[in-house]
Structure formats: structure tokens, C-alpha cells
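Hello,

Here is the structure I promised to pass on to you. Have a look at it first, and then read on for what I found.

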Amino acid sequence: MDCNPSCLNLLGSHYKEMNRRKDMVTNLRSKSNQMASAFNMSNFANRDSLLGPETKPDTMSRTIGLDNSGLIGLQRQLMKEQDEGLEKLEETLISTKHIALAVSEELDLHTTLIDDLGQHVDVTDSHLQRVQKNMGILNKHINGGWSCMCMPLAVIGIVVLLVLIYLLIKYL
């Protein structure tokens, strides 16, 4: 295989880009595993549960027998596959974002409802306190001898009315 310096530079830059992307994917997987273990969700840390099973052969075994242009083509294919994987991850993240926004709106609604309920409870509590105060005053009047004084006065009033009615009937 004969390759000029510009071809070697191009090949070197593709290797660097492929290694950079591999490092990015490795870092993302590592962070995903850390987050999953932090939330005690190890069954979701597996790539299969997110993107399906990985059935691709090892990268090194795919390079056997390839010349420079074949390696460049393989690198492009690998980068395309990585881009597709990242696009799927982006779709998952966008979906998760929409779910989080919906949950946030629902929580805001529930917070508003709870605040309104709290205000209604406060108003009802003040009405109840006012009624209890009035009941206490009435109870004091009843227990303070008002009923004992009212009963004889009522009897005397009835007797006076009966005498007046009798006198009216007798003289009319």
C-alpha cells in the first residue's frame, strides 16, 4: 500500500475523530451507569433497555483486510452509526424533557389547588371560631341565672294575661 503524506494526515485526523467520539460515548455510558446506580435503577443502565441489543462485531475485527480507503470508509460508517445512536439518545432526552414539563405543569396545578383549599379552610375556621364564641356567650347567659329568672317572669306574665282576658270577657 502506497500512501502520500496528505492521505496519512487525513487518515490520522479520522482516527483522532473516531477516538474522540468513542471517548464521548464511553463517558456518556459511564455517566448513565452512575446515574442509574444512584437512583437504584441498574436494570435501566443497560444499553439494551434504551436502544436495543448491540449486535455489531468488534471494530478491530472489522478492519482486517481493509486498505486506507476502506479504513476511511469504515470510519465514516462508524461515525454515521454513532451519530444515529446520538440522535436516538437526543429523541429520548427530548421525550423525557416533555414528560418533565408536563409533570411540572401538573405539580403547579396541584399547588394552586392546595393553596385554594388552604384559604377555604382558613375562612371556615374563622366562621367556626365566631360561632363558638357566640355559643360560649349564650351558654354563659343560660348558666348565669337567666333561665331561673325568666321562668317565674313568664308565669307571672301568663297569669296577668289570663286575668286581663277574663276581665275583658266579663265586662264586654
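The protein has 4 helices and 0 strands, so you can read its elements from the N terminus as α-α-α-α. Please keep in mind that this is a predicted model.

Next, the overall picture. Of the 172 residues in the protein, 10% are buried. The accessible surface amounts to about 14,400 Å², and carbon and sulfur atoms hold 64% of that area. As for contacts, if you take those in the protein with a separation of 6 or more, 63% are between residues 24 or more positions apart.

Gln-82 is in helix α4. Is Gln-82 buried or exposed? Its relative accessible area is 18%, and because buried means under 20%, Gln-82 counts as buried. Apart from its neighbours within four places in sequence, Gln-82 touches Arg-21 and Lys-22.

Val-155 belongs to a nonpolar patch on the surface, together with Met-151, Val-159, Val-163, Tyr-166, Leu-167 and Tyr-171. Together, the residues of this patch have about 740 Å² of accessible area.

Best wishes

Conventions:
Residues numbered from 1 in each chain as written. Predicted model: local features only at pLDDT ≥ 70, side-chain atom pairs only at ≥ 80, totals over all residues. Heavy atoms only, no water. Patch = residues over 30% accessible without salt bridge, like charges linked within 9 Å, V, L, I, M, F, W, Y side chains within 5 Å. Areas by Shrake-Rupley, 256 points an atom, 1.4 Å probe, with all protein chains shown as cover. Salt bridge = Lys/Arg side-chain N within 4 Å of Asp/Glu carboxyl O. Helix = DSSP H or I, 4+ residues; strand = E, 2+ residues; numbered from the N terminus. Buried < 20%, exposed > 50% of the residue type's maximum accessible area, 1.4 Å probe, protein only. Contact = heavy atoms within 4.5 Å.
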